[in-house]
Amino acid sequence: MTVEPPLLRLLPLYRRVLRGGLAARTDEAVGFYEYELARFAKLRAVRGPIVPDGAATAGPRFVRLLHDLGTAEQPTWLLPGGEAHWRGIAREVTAGQDWPRT
């Protein structure tokens with residue numbers, strides 16, 4: 001017996017960063033930090049020691065980027081195929097099960 005709920009509330013779902021994504025995002029964070037330090041080094045070469053080395057500016061953002069790799073929530077992706085695809089997956093997952101349970 002199929003029962004449709006009188007109200008279905010969909011909330012934003014979040015996912016953790018997948019391992020491959022974690023490596024790529026770590027590389028991006030390191031690349032940002034290296035780029036900023038190199039940029040400040042070029043400025044120092046032209047302007048002298050009056051220009052900071054960049055660590056005080058780039059460092060805090062770099063730390064936040066690294067921290068967010070393991071803790072920040074990321075919105076889930078949209079399911080290609082929309083509702084019809086979602087219903088098909090739901091049927092496959094629940095096939096042969098006593099579901100929904102009351």
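**Close-up views of a predicted model**

**View 1. Salt bridge between R39 and E36 within helix α1.** R39 and E36 are 3 residues apart, about one turn of the helix, and both belong to helix α1; helices are DSSP runs of H or I with at least four residues, numbered from the N terminus. This is a predicted model, in which local features need pLDDT of at least 70 and side-chain atom pairs count only at pLDDT 80 or more, while totals for chains, interfaces and linings use all residues. Residues are numbered from 1 along each chain as its sequence is written, and side-chain values use heavy atoms, with hydrogens and water left out. The two side chains meet at 2.8 Å, N to O. A salt bridge here is a side-chain nitrogen of Lys or Arg within 4 Å of a carboxyl oxygen of Asp or Glu, and the count by this rule is 1. Side chains of opposite charge can pair when their charged atoms come close. E36 is buried, at 10% relative accessible area, whereas R39 is partly exposed, at 34% (buried is under 20%, exposed over 50%, partly exposed in between; 1.4 Å probe, protein chains only).

**View 2. Aromatic pair Y33 and F62.** A search of the whole structure finds 1 aromatic pair. Y33 and F62 are stacked, 4.6 Å centre to centre with 20° between the planes. Rings of Phe, Tyr and Trp (its six-membered ring) pair if their centres lie within 6.5 Å; planes under 30 degrees apart count as stacked, over 60 as edge-to-face and the rest as tilted. Y33 lies in helix α1 and F62 in helix α2 (residues 55-71), so the pair ties together parts that are 29 residues apart in sequence. Y33 is partly exposed, at 22% relative accessibility, and F62 is buried, at 16%.

**View 3. Surroundings of A29.** A29 lies in helix α1 (residues 19-47) and is buried, with a relative accessible area of 4%. Leaving aside residues up to four places away in sequence, A29 touches F62, L65 and L66 (contact means heavy atoms within 4.5 Å). A29 and V63 are 34 residues apart in sequence, yet their C-alpha atoms are 8.8 Å apart in space.

**View 4. R61 over the ring of F32.** The charged end of R61 sits 4.5 Å from the ring centre of F32. The rule asks for NZ of Lys or CZ of Arg within 6 Å of the ring centre and within 35 degrees of the ring normal.

Definitions and conventions: Helix = DSSP H or I, 4+ residues; strand = E, 2+ residues; numbered from the N terminus.
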